[in-house]
Amino acid sequence: MADLDTRIDQFKKMANDDPGNELGHFSLGRALLDAGRDAEAVESFDRALAINPTLSKAYQLAGAALLKLGRRDEGVARLTAGVTAAADRGDVMPRDEMVRLLTDAGAPVPAFKQAAPRQAAGEGEVLCHRCGETKKKLAKPPFRGPFGQAVYDKICYDCWQLAIRQGTKVINELRLPLNDPHAQKVWDQHIREFLNLQD
Ligand SMILES: [Zn+2]
């Protein structure tokens, strides 16, 4: 698929031009996974983790890819480290997904710090899909359409601010012109992933 090859080339360039930036390696790993190049993807995720060991999603994707490749021990090691990293960061969705993968693989699940008990969301609050906490929500959907609505319904104000920053960082680092429809797609994909809203 031409579009996917273009993405892989772009992220490869980003990872090579700025090797200390975890986002380039992570994004390249993501694109390689989409292309079915699982072993190469694992290498990219490992590079991202060497720079930033708190990237819970990188543990999850690397662990799942390793299990798929039949490299069980390595996969279990990534997932075990990942559950702890995700629990520390409050990344509830990746944490639960890694617990599920470990359980399916018949491996022990490490003990992790439980988040504070969830409170029901009150007026102007949301039980956030990303951080798992009940927090202040946005005043209105950030843009029109189902994605804007999903952000409004499921994401807290603080996580949305972080997501915007993350999306902008990606576009800047790829040097994509903002009027390029491809830039919009890349932005969208990163924000969805960041917010655990991809389905
Ligand atoms: Zn949140």
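The model is predicted, and local features need pLDDT of at least 70, side-chain atom pairs count only at pLDDT 80 or more, and totals for chains, interfaces and linings use all residues. Residues are numbered from 1 along each chain as its sequence is written.

Eight residues from domain 1 and six residues from domain 2 form the contact. Two residues are in contact if their C-beta atoms, placed from the backbone, lie within 7 Å. On the side of domain 1 that touches domain 2, helix 1 (2-17) and helix 2 (22-34) each supply at least two residues. Helices here are DSSP runs (H or I, at least four residues), numbered from the N terminus. That side of domain 1 has three nonpolar, four polar and one charged residues. Ala, Val, Leu, Ile, Met, Phe, Trp, Tyr, Cys and Pro count as nonpolar, Asp, Glu, Lys and Arg as charged, and the others, Gly among them, as polar.

Helix 2 packs against helix 3 (residues 38-51) at an angle of about 160 degrees, with axes 8 Å apart. Axes are lines fitted to C-alpha atoms, for helices over the stretch in contact, and angles run from 0 to 180 degrees between N-to-C directions. Helix 2 and helix 3 are therefore roughly antiparallel. Angles over 145 degrees count as roughly antiparallel, under 35 as roughly parallel, 65 to 115 as roughly perpendicular and the rest as oblique. Residues of helix 2 in this contact include Phe26, Leu28 and Leu32, and those of helix 3 include Ala41, Phe45 and Ile51. By class, the contact has eight nonpolar, three polar and four charged residues.

Helix 3 also packs on helix 4. Their axes come within 9 Å and cross at roughly 150 degrees. Helix 3 and helix 4 are therefore roughly antiparallel.

Helix 4 (residues 56-68) and helix 6 (residues 92-104) pack at about 20 degrees, with axes 9 Å apart. Helix 4 and helix 6 are therefore roughly parallel. Helix 4 contributes residues including Tyr59, Gly63 and Leu67, and helix 6 contributes residues including Pro94, Met98 and Leu101. The contact has six nonpolar, three polar and three charged residues.
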